[in-house]
Amino acid sequence: MKLGTKLIHAGVAPDPSTGAIMTPIFQTSTYVQSAPGVHKGYEYARTQNPTRDALQNALAAIENGTHGISFGSGLAATDAVMKLLNPGDEVIATNDLYGGTYRIFTKVFERYGIRFNFIDMSDAQNIEAHITPQTKMIWLETPTNPLLKIIDIAACAQIARKSELILCVDNTFASPYLQNPLDLGADIVLHSATKYLGGHSDVVHGAIIVKNEALAQQLYFIQNSCGAVPGPQDCFLVLRGIKTLHVRMQRHCENGIVVANFLRNHPKVDKVYWPGFTDHPNHDIAKQQMRGFGGMMSFTLKDDNIESANRILSNTHLFSLAESLGGVESLIGHPASMTHASIPRAERVKNGLVDSLIRLSVGIEDAGDLTEDLAKAIG
């Protein structure tokens, strides 16, 4: 199946009991057994739920994996991946990443003896110098949050294989429509399905996709044992969102081109971070591993101060000031005080996340209305 067809049909089937074309919401906590251990494949809803099973099958299909594992949030999925490790293990992670990921790494898992080395992965070969006998995992986002850096997944996968490391790619910004890391050699793909997969700002969800049976069974064990599972209503909403991912992402990409070029040509805007520009660092790699450049972007102002940024953040009307991304409506945010506030300022600034940086999640409204909204807010 071509991608658009797969997003609608793969992993799901009409309900066998009624023929319902949409997967039912199985709102139950337990399942009746005819005798101890004799049942229809379902025992307890933390362990299995038919709605969740349908979603997990769909997730595996759209990322070209064999197993999808769903969680109550993207951070619950991150938590599960970290629980593959042991005290004393080391993780090499990109130095530009979601603030919540940085927080769970440094404030939670470092307490349990796992060490994290945050490095610039713009040149994947930089990773090799940081590998030690204790290194067990490489963690990356591409495009990164919020500076939209592009990391060469295939090159990272080659390095990971050579040193027998797990490569985990957070694919939230790209979505399966734009990029499939498993095809490029990654071992684990992770999503905050709250974002583009759900697509309507009405659900919190996390997902992991793999195609290694042993790794899948470890993650299923963690999912069931630790219990950070999603409810069936949330699974239903993500299933529904996946069915329109391709048409939404097409518009996100189209609008992204218009808004990014508008910002680049605005006299008060300094830098625009968007991988579709030919002079964006690693643009050629983005062209190779992505099908488009998406609607996520960040920009700074020539008048680089927090007051100027705040004036813009408080004066848009179509761009809503809110955390999150990937919904049909456009969002504007201030990473330094919102999504990345948990990262110490010195660390943020060192990596290029300055105080005036503004992040946009360009929605699927009319592109002309969006640029007019920004023009009025920027002044």
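Which residue forms a salt bridge with Glu372, and how far apart are the closest N and O atoms? Select Lys376 together with Glu372: Lys376 is the partner, and the closest N and O atoms are 3.4 Å apart, a salt bridge being a side-chain nitrogen of Lys or Arg within 4 Å of a carboxyl oxygen of Asp or Glu.

Before going further, note that this is a predicted model, in which local features need pLDDT of at least 70 and side-chain atom pairs count only at pLDDT 80 or more, while totals for chains, interfaces and linings use all residues. Residues are numbered from 1 along each chain as its sequence is written, and side-chain values use heavy atoms, with hydrogens and water left out.

Stay with the opening pair and display helix α13 (residues 367-378), where Lys376 and Glu372 are separated by about one helical turn because they are four residues apart; helices (H or I, at least four residues) and strands (E, at least two) are DSSP runs, numbered from the N terminus. Lys376 counts as exposed at 62% relative accessibility, whereas Glu372 counts as partly exposed at 42%, where buried means under 20% relative accessible area, exposed over 50%, and partly exposed in between (1.4 Å probe, protein chains only).

Next, colour the two domains, domain 1 (3-240) and domain 2 (245-378), whose bounds come from an automatic or database domain assignment. Their centres, taken over C-alpha atoms, lie 25 Å apart, and the contact between them (heavy atoms within 4.5 Å) takes 40 residues from domain 1 and 43 residues from domain 2.

The area buried between domain 1 and domain 2 is about 3400 Å², with carbon and sulfur atoms giving 62% of it; buried area here is the accessible area (1.4 Å probe) that two parts lose on being put together, summed over both. On the side of domain 1 that touches domain 2, select α1 (3-9), α4 (99-108) and α6 (175-178), each of which supplies at least two residues.

The structure holds nine salt bridges, but the count between domain 1 and domain 2 is zero. To see another of these bridges, select Arg115 and Glu90, whose side chains meet at 3.4 Å, N to O. This pair links distant parts of the chain, with Arg115 in strand β3 and Glu90 in strand β2 (residues 90-94), 25 residues apart. Arg115 is partly exposed, with a relative accessible area of 42%, while Glu90 is buried, at 17%. A further bridge to display joins the side chains of Asp79 and Lys83 (2.6 Å, N to O), and Lys83 counts as partly exposed at 34% relative accessibility.

Return to strand β3 (residues 115-119) and select Phe116, which is buried, with a relative accessible area of 11%. Leaving aside its neighbours within four places in sequence, Phe116 is in contact with Met82, Val91, Phe105, Phe109 and Glu110.

Finish at His67 in strand β1 (residues 67-71), a residue that is buried, with a relative accessible area of 15%. Not counting residues up to four places away in sequence, His67 touches several residues, among them Ala60, Ile208, Val210, Glu213 and Tyr220.
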